[in-house]
Amino acid sequence: MNWGVVIPLLLFLVIIFFIGFYASKYLKSSADFLQEYFLGSRQLGGFILAMTMVATYGSASSFVGGPGVAYTVGLGWVLLSMTQLATGYFVLSVLGKKFAIMARKIRAVTLVDFLKERYQSKWVVILSAASIIIFLFSAMAAQWVGGARLIESFTGLSYTAALFIFAISVLVYVIIGGFRAVAITDTVQGIIMFFGTMIILIGTILAGGGIENIISDLAAENPDLISPYGSDRSLTPLYVSSFWILVGVGVVGLPQVAVRAMSYKSSRGMHRALIIGTVVVGVIMLGMHLTGVFARPVLPGIEVGDTVMPRIAMEVLPAWLAGIVLAAPMAAIMSTVDSLLLLVSSAVVKDVYLNYVNPEASTKKVKQLSISVTAVIGILVFAMAIQPPDLLIWLNLFAFGGLEAAFIWPVIMGLYWKKGNASGAIASILTGVGSYILFHSFMPQAFGMHTVVLPVLLSLLAYVLFSLLTVKRHEDIQKQVFQKLWSA
Amino acid sequence: MKQQDKNLEDPRYKIANKEALIGVALVVVNFILWYGFAYGFGSGTVEEYDYIFGFPAWFFYSCIAVTVLIFLLVILAVKFLFKEVPLDEGDEE
């Protein structure tokens, strides 16, 4: 075992546990358990808000999968990855104050709470809670596989043992600390991701003998490595541009990201988060993917993309520094998983159980249930991740696209179009998820664009069409909704 | 402020709607610059590329310069166009 690398990682885990214990104090003293456990009582300041958004969004694919692909494809993949810059400012400005204000008017704790009040429909709630549980569960499994592989790759532990360590670490602090623990650990993890990115990029540039040197090495191997079209010229401008939908603007529809847009304390905090979030996401995405490309001349011939990051870190940095840098992908994975874990729990407890199974449950019961549901989901994911499916990045993107197609319009149109109603939302969710699965299976990358594009367009069409067709039927409910959500 | 007029829209939404449009405008600007530089400078043959700080010019402009420019635009937008409003009912900060 490489102790130089392992010790900084252990330190990292210890810090994370302390944060969990710190946050658990708030959980014990909070008057409203649900608001605290699932939303941190809407107390996030600007810096923590920015970091938890970036860290939740930045995942195994930004730190492990993405740089691995960049290694093979070249600068074209960095170009594609920079479409993610938009997530830094778009989500917060578009959901923005309106989402935060509306969520407060109805005391919403989850995205589904908002949809429930906005559309007043049982089916909207059931469909959206189901999509969250199914899609985010699989996303979580993919992330756990990534986390365990990472631990495995630099500690030499067996995959199952690594998975076990990873699972226990995340479960403990999420269960004892809830959303506040998740947000604060996300902040620590985000800081590690930010500085880890800079260190590894600089280390790789130095090891490669400077940028000019690296670029000419790449061009000598294959000129297309430094073109925007990718090493085999398969990246068309249309395909690359379609990622603006998948990882740029579509991120608005991801529940784990959207829920953070109602967790902040004040509009000043939101303003700061816009700036900090954009800078942090820009630096991380550019730095990590560029490192993946630059690793090629430094460490040629790596076959498995996912090992590029750990191997380049151990190659170009002294062991202790590599340990700190390798805490970054670990942090990225943990900070995504912890949010997903909490979100899936909230979908089960708040959106399903408290809405339809037992609305009268006592505070004590809700508390016990929330904690045990989180634990059970964690254990289930662990069991699924033992037999790991390959190609982490694509698994992750599947859940991603499905959720975006389901939620983007019910959320955005729900906020900004008063005529949008329950029929529109149901049609939109069904069309979005259904067509995504169909396109994914039978016509992947239709017309040369990423699979997500057409389902997103179709679900918009369905939303508008069905809302307009059923104006009469929803007239009374819409009036009540307007009173509740829009009136001063 | 709650009971006055049930049909009057919350005045904070006007500000919120404007800021959402600013977000959309930023994405449009971001996309056009990113696309224009990448394929404007990068679609020729690699042998004819210009280089800036060691990077191919298309990459330097579309991925590095545009990113920095967007940082600046976001800062300017937040400082000059975004307004602070209280988020809770009647709770001034």
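## The nonpolar core

Of the 211 residues in the largest nonpolar core, those that touch the most other members are A:Val78, A:Val91, A:Trp144, A:Val252 and A:Ala328, and the element that gives the most to this core is H15(A), with 21 residues. A nonpolar core here is a set of buried Ala, Val, Leu, Ile, Met, Phe, Trp, Tyr and Cys residues joined through C-beta atoms within 7 Å. A residue is buried if 20 or more other C-beta atoms lie within 10 Å of its own, exposed if 12 or fewer, and partly exposed in between, with C-beta atoms placed from the backbone.

This is a predicted model, in which local features need pLDDT of at least 70 and side-chain atom pairs count only at pLDDT 80 or more, while totals for chains, interfaces and linings use all residues. Residues are numbered from 1 along each chain as its sequence is written, and chains are lettered from A and ligands numbered from 1 in the order in which they are written.

Two residues are in contact if their C-beta atoms, placed from the backbone, lie within 7 Å.

## Two helix pairs in chain A

In chain A, the axes of helix H1 (residues 3-29) and helix H15 (residues 319-357) come within 7 Å and cross at roughly 45°, which makes H1(A) oblique to H15(A). Helices (H or I, at least four residues) and strands (E, at least two) are DSSP runs, numbered from the N terminus; axes are lines fitted to C-alpha atoms, for helices over the stretch in contact, and angles run from 0 to 180 degrees between N-to-C directions. Angles under 35 degrees count as roughly parallel, over 145 as roughly antiparallel, 65 to 115 as roughly perpendicular and the rest as oblique. Residues of H1(A), including A:Val5, A:Leu9 and A:Phe12, meet residues of H15(A), among them A:Trp320, A:Leu326 and A:Met330. By class, this contact of H1(A) with H15(A) has 13 nonpolar, two polar and no charged residues, where Ala, Val, Leu, Ile, Met, Phe, Trp, Tyr, Cys and Pro count as nonpolar, Asp, Glu, Lys and Arg as charged, and the others, Gly among them, as polar.

The axes of helix H7 (residues 111-119) and helix H8 (residues 122-155) of chain A come within 9 Å and cross at roughly 160°, so H7(A) is roughly antiparallel to H8(A). Here A:Val112, A:Leu115, A:Lys116 and A:Tyr119 in H7(A) meet A:Val124, A:Val125, A:Ser128 and A:Ala129 in H8(A), and the contact has six nonpolar, one polar and one charged residues.

Chain B has two helices and two strands, which follow the pattern α-β-β-α when read along the sequence, and buried residues make up 30% of its 93 residues.

The contact takes 48 residues from chain B and 46 residues from chain A. On the side of chain B that touches chain A, helix H1 (12-42), strand S2 (55-56) and helix H2 (57-80) each supply at least two residues, and H1(B) gives the most, with 19 residues. By class, this side of chain B has 31 nonpolar, nine polar and eight charged residues.

## A buried loop residue

A:Val249 is found in the loop between helix H11 (237-248) and helix H12 (255-258) of chain A, and A:Val249 counts as buried because it has 23 C-beta neighbours inside 10 Å. Not counting residues up to four places away in sequence, A:Val249 touches A:Ala86, A:Phe90, A:Trp244 and B:Val27.
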